[in-house]
Amino acid sequence: MERDSHQFIGQSSAFLDAVERASRAAPLNRPVLVVGERGTGKELIAERLHRLSSRWDGPLVTMNCAALPETLIEAELFGHEAGAFTGATRAREGRFEEADGGTLFLDELGTLSMGAQERLLRAVEYGEVTRIGSSRPVRVDVRIVAATNEHLPNMVEAGKFRADLLDRLCFEVVTLPPLRVREGDVEVLSDYFGRRMAAELGWDGWPGFGEVAQRAMENHLWPGNVRELRNVVERAVYRWADPSQPVDYIQFDPFESPWRVGIAAAAPTNVPTSRDKETAEPRYSTDLSQLVDVTDFREATEKYEKAVLEQALAKCRYNQRQTAKALNLSYDQLRHTLKKHDLLN
């Protein structure tokens, strides 16, 4: 999904079903809850709900409920009169009044305080808001779209969210699937973001991704979903030195480094001495998180050894001597291991 061009990129049935549900709910003047993990595109769904409704030419006002301290949320939502509290030097309309005739998108709804929830319930039920410091209600015509990555029914049971407010807001609930269950979409999205980044960098064409990079992306769980994938792909493309060859090295964690803060303090014995500082090289590190449900130790070990070799080769631009040095092997040892895994050209 690409925010800048308001596009939905994907082909999996789970993803398309969620988009279709949002499209069907869009023309109805009813509140909608959008639920999903971070990075799944909740704001894009809110925009779709607004653009496909009869309010498309009205304002779409967004408020991130988690971005403000609790003391200011109500003033942001409902506005305030001059002198209502310290610092309120003049009257100001809130987000409800700004969204009159359009849509108000409340992101991170689950972070609202109980006091703000009570006032929000009244605004939804009666279509009126009262500025802080005023006794005169103001009529507003606003459609509410709210988003959260929390399970609100659980919050109701825990006493952290009003049941009556949830009842009012959940006319329709659009749940966005995480990227890890969207079959085929990692390939589609990575190609889309890769092409855009290559064009931004002025490459003559798009060479695509190599097998090592594709396999790594397919096996990754993507906790940050589409937002994380875009960062990973764009970083991989701009770091790639040869635009004529497929991009074949992926780094998921941008903070990964043998000199990462805290490593030296935790393991001071790994710090090079003055004698070998000039020749010290970062040790190649691997991630064991993908080794789950192993039933054949020898087969799993062989596969993992091959994956380490493929990643190291890609990282060293397929220079075998540099790869051997990075893996702390002799050149002959590396050649023997590459031959064992049928990786010699």
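Q: How many helices and strands are there in the protein chain?
A: In this predicted model, the protein chain holds 14 helices and seven strands.

Q: What share of the residues of the protein chain count as buried?
A: A residue counts as buried when its relative accessible area is under 20%. Of the 345 residues in the protein chain, 41% count as buried, while the accessible surface of the chain comes to about 19800 Å², of which 48% belongs to carbon and sulfur atoms.

Q: Which residues of helix H14 are buried, and where do they lie around the helix axis?
A: In helix H14, which covers residues 331–340, the buried residues are Leu334, Thr337 and Leu338. Seen down the axis of H14, these buried residues fall within an arc of 100°, and therefore they line one face of the helix. The face turned away from that buried side carries the exposed residues Asp332, His336 and Lys339.

Q: Which helices do the buried residues of H14 pack against?
A: They pack against helix H12 (297–315) and helix H13 (320–326). Just after H14, Asp342 takes a positive phi of about 60°.

Q: Where is the place of Glu93, and which residues is Glu93 in contact with once its neighbours within four places in sequence are left aside?
A: Glu93 sits in the loop between helix H3 (70–78) and helix H4 (95–98), and, with those neighbours left aside, Glu93 is in contact with Gly79, Glu98 and Arg131. Glu93 and Gly79 are 14 residues apart in sequence, and their C-alpha atoms are 4.4 Å apart in space.

Technical notes: Residues are numbered from 1 along each chain as its sequence is written. This is a predicted model: local features need pLDDT of at least 70, side-chain atom pairs count only at pLDDT 80 or more; totals for chains, interfaces and linings use all residues. Side-chain values use heavy atoms; hydrogens and water are left out. Helices (H or I, at least four residues) and strands (E, at least two) are DSSP runs, numbered from the N terminus. Contact means heavy atoms within 4.5 Å. Buried means under 20% relative accessible area, exposed over 50%, partly exposed in between (1.4 Å probe, protein chains only). Accessible areas come from the Shrake-Rupley method with a 1.4 Å probe; for residues, only the protein chains shown count as cover. The arc is that of the directions from the helix axis to the C-beta atoms.
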